[in-house]
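Dear colleague,

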Amino acid sequence: MSIAYLNGEFLNLEQATVPVLDRGFLFGDGVYEVIPVYAGKPFRFSNHINRLHKSLDAILMSFEQTEQAWLKICQELIERNDFDNASIYLQVTRGSYINRHHDIPELDKPTVMAMISPLPPVQKDWQVADIKCYSVITEEDIRWQRCDIKAITLLANCMLKQKALESGADDTILVRNGEANEATSSNLFIVRDGVMITPPLSEQLLAGVTREFILALARKNGIRYEERPIPEHELELADEIWLSSSTKEIRPVVKVNGVIIGDGVAGPVWRRMYVYYQQLKEQLYQGEISGEVKL
Ligand code: PDD
């Protein structure tokens with residue numbers, strides 16, 4: 001069993017429990033992060049912690065904890081569990097109060113929890129054949145209006161993901177006002193005529209750390225890209241579609257609502273991007289660069 005962190009203590013995950021009066025439990029009043037770890041090093045840690053602080057500000061929670069303090073918790077979690085490749089889940093809720101009241105309490109008594117689970121080992125030879133390509137459906141986005149906050153309230157995301165699974169697909173691309181914004185737990189990219197396109201940041205989608213990393217890799221390697229809305233009907237016209245997240249990295253999508261995308265296999269621009277991504281991870285493995293991966 002893995003070791004988790006809860007409010008200053010490291011303990012067995014099964015023993016890490018919170019009171020029923022915790023506002024995370026009662027109201028979904030909390031935010032979270034998912035941070036990948038490669039070669040025992042958190043990947044793009046500052047970006048994740050910056051986003052966590054933005055999420056905390058957005059939900060009006062004043063919880064002061066330095067990046068260094070977060071790093072100390074995460075490093076200890078990695079060491080105690082002895083994982084090389086893993087993902088760390090960090091969650092902060094507003095904590096427990098005497099009564100169940102909708103008003104946000106003045107005093108912050110946060111519950112801080114972190115746990116870790118293994119990620120598959122890095123593929124040294126980057127065998128593209130091993131990458132599972134996704135089939136997706138599209139659905140109306142039934143989530144709230146602040147999808148830029150990484151809030152723990154994910155019921156709509158779970159229901160929308162389940163719709164995909166029930167129809168034999170892997171995930172759902174979410175559409176609002178005719179525009180495809182992101183998937184249930186990842187950002188969206190399409191490629192048309194060699195140009196990578198991703199929706200611009202807004203309150204309708206999460207500012208993915210992986211999304212930002214992919215854009216930086218595109219700038220560094222001369223791949224042209226645009227940040228602009230993607231009308232739903234454009235998905236079927238795309239040469240390539242990808243989803244991106246900290247745990248999926250870049251995942252090719254080869255079918256949308258039963259329609260084959262491009263040649264029905266992972267495309268050439270995806271392949272380039274995938275190799276750039278894996279090369280950096282390899283450098284991380286060799287100790288040539290830090291986990292921040294400044295590009
Ligand atoms: N999900 N959009 C949504 C709705 C997400 O939940 C996520 C991440 C992303 C991608 O963000 P990033 O590249 O920073 O991981 C986009 C995480 C992995 C999760 O909920 O498990």
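By class, the shell around the ligand is made up of 5 nonpolar, 10 polar and 4 charged residues, where Ala, Val, Leu, Ile, Met, Phe, Trp, Tyr, Cys and Pro count as nonpolar, Asp, Glu, Lys and Arg as charged, and the others, Gly among them, as polar. Please note that this is a predicted model, in which local features need pLDDT of at least 70 and side-chain atom pairs count only at pLDDT 80 or more, while totals for chains, interfaces and linings use all residues. Residues are numbered from 1 along each chain as its sequence is written, and side-chain values use heavy atoms, with hydrogens and water left out.

Of the 19 residues around the ligand (a heavy atom within 4 Å), Y32, R51, E182, T210 and S246 come nearest. Domain 1 (3-118) and domain 2 (127-284), with bounds from an automatic or database domain assignment, both give residues to this shell, so the ligand lies between them.

As for polar contacts (a pair of N or O atoms within 3.5 Å), an oxygen atom of the ligand is 2.8 Å from a polar backbone atom of V209, whereas a ligand nitrogen is 3.3 Å from a polar backbone atom of S185, and a nitrogen atom of the ligand is also 3.3 Å from an N or O atom in the side chain of K150.

Turning to the backbone, A39 has a positive phi of about 50 degrees although it is not a glycine, and N177, likewise not a glycine, has a positive phi near 50 degrees. Most residues other than glycine have a negative phi.

Best regards

Key:
A polar contact is a pair of N or O atoms within 3.5 Å; within protein, one must be able to donate a hydrogen and the other to accept it, and residues adjacent in sequence count only if both atoms are side-chain atoms.
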